Amino acid sequence: MKHLLWICVVLAAGISVGQNNPVPLISPPFSPINAIPGRPAFTLTVNGANFVSNSVVDWNGLPRPTTFVSSSQLTASISAADILTAGSAQIEVNNPHPGGGTSNAVQFNVSVPVTALAYQGYSFADNAYLPNLVADVNNDGKLDVVAITFNVPTSSLRVSLGNGDSTFQPALVSTIENNAYAIAGGDFNKDGKFDLAIANHTGTVSVLLGNGDGTFQSHLEYPAGSSSTNVAVADFNGDGNLDLVVANNAPSGGVSVLLGQGNGFFSPQVLYPAGPYPIAVTVGDFNRDGKVDVAAGALNYVAVLLGNGDGTFQRTTLLSLSGVNILSILTADFNKDGISDIAVGDDAHVRILLGKGDGTFLQPLKFKSFNNVNSLVAGDFNEDGNLDIATANNVRGIFYVLLGQGDGKSFKQYQTFPAGSTVALSVADFNNDGMPDFAVGSGVEFQNTAVLSPKSLGFPNTEVGQSSSPVPVTLMNYAGTSLQLSGISTSDNFSQTNTCGTSLPTGGSCTISVVFSPTAAGKITGQLTVEDDAGTSPQTVALSGTGLQSGMPKVTLSPTTLAFGAQKLNTTSLPQNIALTNSGKAKLTISSIQASGDFAQVNTCGSTLLVNQSCTIVVTFTPTQTGARTGSITFTDNAPDSPQSVPLTGTGTN
């Protein structure tokens, strides 16, 4: 079975027609991996490939004093003013004319460590987004999310332009080649605008030149081999033009290299062996010669192709991972030795191959994940100076985080977070608070240090003019600094008192007690709002309750759910009972009681129940199909919260 996956984006903006200097490539992370606001000046080490003697490191587009160490390493002087406050800087390397250009952009985070991880979701309108990348596609200095949907017969491109404040504009949607599978990008025609390359399972790669406003021109198709499933971007022949490498997920599909001409066009593919069923591809400098290399994840193997710097590659080396079905791959330095390592995701694990710096690797280290690691990204998610790993798949609506210890050999605090559709993951700081966030299949999960729990409150039915008992909400501060509070409020019909004050220390918590006081009968919704100096402010809790007029009936159901378990097809289960009680202060008039699905009911309720009177609903289950079956008993009456329902479940078996 083939799977969708995310591939890391590589940006570039060539600015000359010369062919001498290559487009540089940054291989994250930096050293140090991040910085704490207000600390002294420091030296930043940048590892990668295609560096030249007069390469310059840019910090948010401005050059910093740069020292050339080798074609695979630079250092830059970063001032105290650069890291005075929390935020994220965009780091790029520029190679001068002739040729040359701008590297991929990699963020450097300035933030304090957090005591725990938490995320606050932002959902796109269409949760069918799948493979994605993060880039500034309209040149406004704010990060955007570019995603594709894998549909038959038509795939679509969806561009969500970021506002820089934890929100996004409505998606710009266009039709692309069928069976789009993975996406990467860069500046392929040297006009300073972001372009796209999309691997299609039909065996082609689509090139879409950007207009610089978030829209793209019609796609050009290039043959790329059978069942293309992944694409990455780099300058393999050092001519100052970006090239493509594509994974072809077939028995001997190999990887296809398409050399860029610098005008948006590419030369015909050259195919290199990469083991059976290569599905994922990544780029880096694995032997520290300053030339871009390629690694591909295949069935039972990691294929390493060391670059010659002229667009060709040495004989493929296959690293055996017997019995391992690789689904995703990335390049990063997990043990802080300045050497690129490889991480792969398979059916149930993350495996790390620590690099030796000569193009060879140590035996893989295995870490438990979950089924089908289709997406794999790295970053310092808790800002402790060590590289972490996040994974996701195309089955569960969650993503997983493994916290690294800095040696590449141990990870701890294995955690999961809900995130809707998460076949795709990419990592970036979208709201410039210095903390890495995640773009997932259906939106963005913003790292949140001011955490409210629970996320919603439902109050019991309460008479108009009366007040409910207070219900607690806990506010926790996961940041490494005190949380400054500027306001706590509720909407109409709700009120609050709290123990929070104006400041909450690191690791501290306080209690907000919320009360429901309806001023009218019927269902009422509202919101608790907390305003503070966290990047995700304001934080909210959804509130709901039903106001009852004095003397109104009230329906109480017991139990509130019924589970019938396994039952043979077309046979009837033993009955189970539901008790309906009128716990209000007036007569209950019942209009109907109905069962749905493979469930039936009879009852003793009649059309009315007096105050405190009860009746019984007898429910049975007769499955008409095998597998999980669901239904409900629905009550329609004159109580303010009508209709009420009791969910029903059962399983049909042969």
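Leu-569 counts as partly exposed, because its relative accessibility is 30%. The value comes from a predicted model. Leu-569 sits in the loop that links strand E49 (562–568) to strand E50 (576–582). Beyond four places in sequence, its contacts are Pro-623, Thr-624, Gln-625, Thr-626, Thr-653 and Asn-654. Asp-289 lies elsewhere: 280 residues separate it from Leu-569 in sequence, and the two C-alpha atoms are 67 Å apart.

The loop between E49 and E50 also holds Ser-573. Ser-573 has a relative accessibility of 10% and therefore counts as buried, whereas Leu-569 is partly exposed.

Val-646 belongs to strand E56 (residues 644–653). Its relative accessible area is 0%, so Val-646 is buried. Residues up to four places away in sequence aside, Val-646 contacts Leu-557, Pro-559, Thr-560, Thr-561, Leu-562, Ile-578, Gly-631, Ser-632, Ile-633 and Phe-635.

The chain as a whole contains 56 strands and zero helices. Its radius of gyration is 29 Å; a compact globule of 654 residues would have a value near 26 Å, so the two agree. The C-alpha trace spans about 90 × 60 × 45 Å along its principal axes. Of the 654 residues, 57% are buried. Among contacts with a separation of 6 or more, 57% join residues 24 or more positions apart. The accessible surface amounts to about 24500 Å². Carbon and sulfur atoms contribute 50% of that surface. The chain carries 25 positive and 44 negative charges, and their mean positions lie 11 Å apart.

Backbone geometry was examined next. Most residues other than glycine have a negative phi, and most peptide bonds are trans. The bond between Ser-31 and Pro-32 is cis, with omega about 0°. Pro-32 falls in the loop between strand E1 (25–26) and strand E2 (34–35). The bond from His-97 to Pro-98 is also cis, and its omega is near -10°. Pro-98 is placed in the loop between strand E8 (87–95) and strand E9 (101–102).

Positive phi values occur at Asn-60 and Lys-336. Asn-60, not a glycine, has a phi of about 50°. It lies in the loop between strand E4 (56–59) and strand E5 (62–64). With a relative accessible area of 44%, Asn-60 is partly exposed. Lys-336 has a phi near 60°. Its loop runs between strand E27 (328–332) and strand E28 (341–345). Lys-336 is exposed, because its relative accessible area of 52% is over 50%.

The average pLDDT is 91, and 94% of the residues score at least 70. Residues 1–18 stay under 50. For this stretch the model still has 86 contacts beyond four places in sequence.

Definitions and conventions: Residues are numbered from 1 along each chain as its sequence is written. This is a predicted model: local features need pLDDT of at least 70, side-chain atom pairs count only at pLDDT 80 or more; totals for chains, interfaces and linings use all residues. Side-chain values use heavy atoms; hydrogens and water are left out. Helices (H or I, at least four residues) and strands (E, at least two) are DSSP runs, numbered from the N terminus. The radius of gyration is taken over C-alpha atoms; the globule rule is 2.2 Å times the number of residues to the power 0.38. Buried means under 20% relative accessible area, exposed over 50%, partly exposed in between (1.4 Å probe, protein chains only). Contact means heavy atoms within 4.5 Å. Accessible areas come from the Shrake-Rupley method with a 1.4 Å probe; for residues, only the protein chains shown count as cover. Lys and Arg count as positive and Asp and Glu as negative; His and the chain ends are not counted. The place of a charge is taken as NZ of Lys, CZ of Arg, CG of Asp or CD of Glu. pLDDT is the predictor's confidence in each residue, from 0 to 100.
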